[in-house]
Amino acid sequence: MAEHVAIVDRRYVKAILSGDKRVECRLTQTARPPFGCITPGDRLYLKQSSGPFFAEATAGAVYMADKLTPAAIDAIRDQHDEAIQGEATFWEQRRKKARHVTLIWLRNVQPIDEGPTYRKRHMVAWYVLEDDKP
């Protein structure tokens with residue numbers, strides 16, 4: 001079981017803690033974590049962007065796909081947005097450029113005040129802890 005730190009936009013903190021946002025969606029241009037790095041049962045530490053850790057969760061189901069087209073992203077939005085809770089700007093910004101998707105169903109979400117130590121890097125929003133020990 002791997003451990004991960006996911007940096008989350010502050011707009012989604014309440015929705016994750018309340019259980020309204022049940023799926024974490026990462027749409028990227030390149031195959032970077034969590035793509036290819038997460039499996040069901042892995043532990044996630046959720047940290048607010050430029051803020052504190054706020055939750056711990058377990059990865060439930062995980063879905064990954066590459067070679068995405070705008071139509072494929074539209075299909076993901078249509079099928080999963082109720083659980084993803086993505087704002088219109090989230091989908092618009094990624095629709096034309098994203099080529100990889102990782103969907104992670106969040107299980108056992110628990111609030112936390114502290115998280116693990118990891119080596120922070122500028123403009124990185126996902127860390128696999130075994131790779132980022134200080």
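**Exercise 1. Find where methionine 123 lies and decide whether it is buried or exposed.**

Solution. Start with the place: methionine 123 lies in the loop between β5 and β6 (126-128). Strands such as these are DSSP runs of E with at least two residues, helices are runs of H or I with at least four, and both are numbered from the N terminus. Next, take the accessibility: methionine 123 has 72% relative accessibility, so it counts as exposed (buried means under 20% relative accessible area, exposed over 50%, partly exposed in between, with a 1.4 Å probe and protein chains only). Finally, look at the backbone: methionine 123 has a positive phi of about 65°, although it is not a glycine.

Before you go on, note that this is a predicted model, where local features need pLDDT of at least 70, side-chain atom pairs count only at pLDDT 80 or more, and totals for chains, interfaces and linings use all residues. Residues are numbered from 1 along each chain as its sequence is written, and side-chain values use heavy atoms, with hydrogens and water left out.

**Exercise 2. Describe the surroundings of alanine 125.**

Solution. Alanine 125 also belongs to the loop between β5 and β6. Its relative accessibility is 35%, and therefore it counts as partly exposed. Now list its partners: not counting residues up to four places away in sequence, alanine 125 touches Val5, Ala6, Ile7 and Arg26 (contact means heavy atoms within 4.5 Å). Last, compare sequence with space: alanine 125 and lysine 47 are 78 residues apart in sequence, and their C-alpha atoms are 9.5 Å apart.

**Exercise 3. Work out what the side chains of histidine 100 and threonine 28 reach.**

Solution. Begin with histidine 100, which is in strand β5 (residues 100-111). Histidine 100 counts as buried because its relative accessibility is 13%. Its side chain reaches the backbone oxygen of glutamine 29 at 3.3 Å.

Turn to threonine 28 in strand β2. Threonine 28 has a relative accessible area of 9%, so it is buried. A polar atom of its side chain lies 2.7 Å from the backbone oxygen of threonine 30. Leaving aside neighbours within four places in sequence, threonine 28 is in contact with Ala98, Arg99 and His100.

**Exercise 4. Describe how helices α2 and α3 pack.**

Solution. Two packed helices are described by the angle between their axes and the distance between the axes. Helix α2 (residues 70-84) and helix α3 (residues 88-95) pack at about 160°, with axes 11 Å apart. Here the axes are lines fitted to C-alpha atoms over the stretch in contact, and angles run from 0 to 180 degrees between N-to-C directions. The angle therefore makes α2 roughly antiparallel to α3 (under 35 degrees counts as roughly parallel, over 145 as roughly antiparallel, 65 to 115 as roughly perpendicular and the rest as oblique). Then name the residues: α2 contributes Pro70, Ile73, Asp74, Ile76, Arg77, Asp81 and Ile84, while α3 contributes Ala88, Trp91, Arg94 and Arg95.

Terms used:
A polar contact is a pair of N or O atoms within 3.5 Å; within protein, one must be able to donate a hydrogen and the other to accept it, and residues adjacent in sequence count only if both atoms are side-chain atoms.
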